[in-house]
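Subject: Structure for you to look at

Hello,

Here is the structure I said I would pass on. Please open it beside this message and follow along.

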Amino acid sequence: MSDLDPNQIDGVNPRQAPKRGFPWIRASFFVIVLAGVSLPFTPQGKELLRGVKRFLKPAPVVQKVDEEDIMRQAEARIREKYEQELADLRKSAEDARKQAEAAKKAGEPEVLPPISAHTAKTGGDVTKLRSGIPFKTEVKVEKGGLASKERKDGESYVAEYTLSVKVPEASKTLDELQKVNPDLGTLLPGLESMLEKAEVSRWFFQLYENKTKRLKRDSTNLSELLSKHNFYDCETILNMRHPQTNRRVFLLQAEMDVVTDGSDGDRLATMPDKIINSTYYQPFTSYGWSKKTKTPNPMVAGWEKRIGNANRELADSGTTAERKAWLKDRIKYLKRGIEDMKYRSFLIAEYDPFIVIPVNLLTASGDVYAPKVGDYAVVVHEKKLYPAIVGDGGPTFKVGEASLRMAKQLNSRATSYSRPVSDLTVTYVVFPGSREKKKGPPDYEKWRIKCGELLGEIGGVGEGVELFRWDDLLPKPEIQEEGEEE
């Protein structure tokens, strides 16, 4: 489409020159012309035209993200409202023209009905945004004073916004858990006895407290609000202990999102350029160990390139002082990261099966149920059990994340931008205090054996159920230089 005519609103027919006649006929059409001409110079009109331009502009191909663009939805909604108002205005003008023509034929003079008071009334609307949040609006109309007075009164023209949200209860019984994961009791028969004295973890309440704080912080910027889906991402977090063995279990019921971080030059010496040069890909995971070979981490080259770019920008006389301060701080961060990559290796989300726990749990002290990096874990989905470890830390306001390798095993269509499981049907069984004293490269068969032993301490697995066996997709490196864990 050609450049948008500021006097032409999508959905409204182009204005036509009125036929000669009585002044009231021209006046009725003048209303439409006046609306079309003046609208772009009002704040509402400018907002409307921005929405129209966004609506007409071809949608770019973007990566799928979790949070919806609520502001864009609001602008589209404003556009639709103004289009309807202009359409109503056209209809009113057309009705007036027909009435005037009828009066002319009857030889009667035009008589407008008297108006002695404001006709504006309080009203509103409800729109359900694509993010799942019902967006309720109301324009409250009250009688005021003179316009010259009201325009100076800070309370005469005020917008108020309230976001209502209900914090959920935690599942505590096997029946409640099996409403979202029906096979849980069959797969892990020992859960029922453990749930009798299970306690809701303090981290369940802390999670939703963190979510609510984030909503309060972002409530003035609708585009950054957590979506309804991401707010309700956790069904329960339970602290459990087996009555005979006293083995502790941290049970989390949630969905599954995807992480794609990590690097290890020993096992994966080359990585795609788009990852090496990415400013978003993180080469680190919380679980790391001393490098075993002299093969450099492939991510080092990309980070060194970023330092070079930053130094060139620092040397540019046009770079602002504020930008230079940021660049200097960034260079320090990149240098520290390069030093870390030279001597340590990390899990690789594309190849290693691990889960992610909020970082505030990983660093918490005083809670014997809180998972730590390296603790063994079992992911339960549908009728399968997947051995894993706690491999990384995530945000404090969300739960239910795992590596891309784990995600693809649950759903082959999973990608870094598409979660494998959207419903709260994934059970994460973590064994606090089970991590090895010395960290090292992943050994999937060892993980499987250890997870089997730990499951045995809480009642074992159901008849015919076996732990999934992961294939090692990366070659074992030939050790050229051994190092002790830092």
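Which residues of helix 12 are buried? They are L327, I331, L334, G337, I338 and M341. Here, buried means under 20% relative accessible area, exposed means over 50%, and partly exposed is in between (1.4 Å probe, protein chains only). Helices (H or I, at least four residues) and strands (E, at least two) are DSSP runs, numbered from the N terminus.

Before the rest, a note on the source. This is a predicted model, in which local features need pLDDT of at least 70 and side-chain atom pairs count only at pLDDT 80 or more, while totals for chains, interfaces and linings use all residues. Residues are numbered from 1 along each chain as its sequence is written, and side-chain values use heavy atoms, with hydrogens and water left out.

Helix 12

The buried residues of helix 12 pack against helix 11 and strand 7 (344-346). Contact means heavy atoms within 4.5 Å. The end C-alpha atoms of helix 12 are 34 Å apart, which agrees with the 33 Å that its 23 residues should span at 1.5 Å a residue. The expected span is 1.5 Å times one less than the number of residues.

Salt bridges

Side chains of opposite charge can pair when their charged atoms come close. A salt bridge is a side-chain nitrogen of Lys or Arg within 4 Å of a carboxyl oxygen of Asp or Glu. By this rule the model has 18 salt bridges.

One of them joins R323 to E313, at 2.7 Å from N to O. R323 is in helix 12 (residues 321-343) and E313 is in helix 11, so this pair ties together parts that are 10 residues apart in sequence. R323 is partly exposed, at 33% relative accessible area, and E313 is also partly exposed, at 29%.

Another salt bridge is between K291 and D266, whose closest N and O atoms are 2.7 Å apart. This pair links distant parts of the chain, 25 residues apart. K291 is in the loop between strand 6 (288-290) and helix 11 (299-315), and D266 is in the loop between strand 5 (248-259) and helix 10 (273-276). Are these two residues buried or exposed? K291 counts as buried because its relative accessibility is 9%, and D266 counts as buried at 10%.

K140 and E142 also form a salt bridge, with their closest N and O atoms 3.6 Å apart. K140 counts as exposed because its relative accessibility is 61%, and E142 counts as exposed at 61%. There is also a network of salt bridges, which links E255, D257, K398, E401 and R419.

A buried serine

S434 lies in the loop between strand 12 (421-430) and helix 15 (444-456). With a relative accessible area of 7%, S434 is buried. What does S434 contact, leaving aside its neighbours within four places in sequence? The residues are D375, Y376 and L454. A polar atom of the S434 side chain lies 2.9 Å from the backbone nitrogen of Y376.

An exposed lysine

K143 is found in the loop between strand 2 (134-139) and helix 4 (147-150). K143 is exposed, with a relative accessible area of 84%. From C-alpha to C-alpha, K143 is 9.9 Å from A120, and the two are 23 residues apart in sequence.

Two residues with positive phi

Most residues other than glycine have a negative phi. N246 is not a glycine, yet it has a positive phi of about 65°. N246 sits in the loop between strand 4 (234-241) and strand 5, and is partly exposed at 43% relative accessible area. E382 is not a glycine either, and has a positive phi of about 55°. E382 is in the loop between strand 9 (376-381) and strand 10 (384-394), and counts as exposed at 54% relative accessibility.

The cavity

A cavity is a set of points, on a 1 Å grid over the protein atoms alone, where a 1.4 Å probe fits but cannot get out; lining residues have an atom within 4 Å of a point. Grid points are joined across faces, edges and corners, and a volume is the space filled by probe spheres set on the points. A search of the whole structure finds one cavity of 30 Å³ or more. The largest cavity has a volume of about 50 Å³. Its lining includes W203, Q206, L207, I237 and P358. Helix 8 (202-218) and helix 13 (359-362) are the elements that give two or more residues to this lining, and helix 8 gives the most, with three.

Best wishes

Notes
Polar contact = N/O pair within 3.5 Å; in protein donor to acceptor, adjacent residues only side chain to side chain. 1 Å grid on protein atoms, 1.4 Å probe; cavity = no way out; pocket = protein on both sides within 12 Å on 5 of 7 lines; lining within 4 Å.
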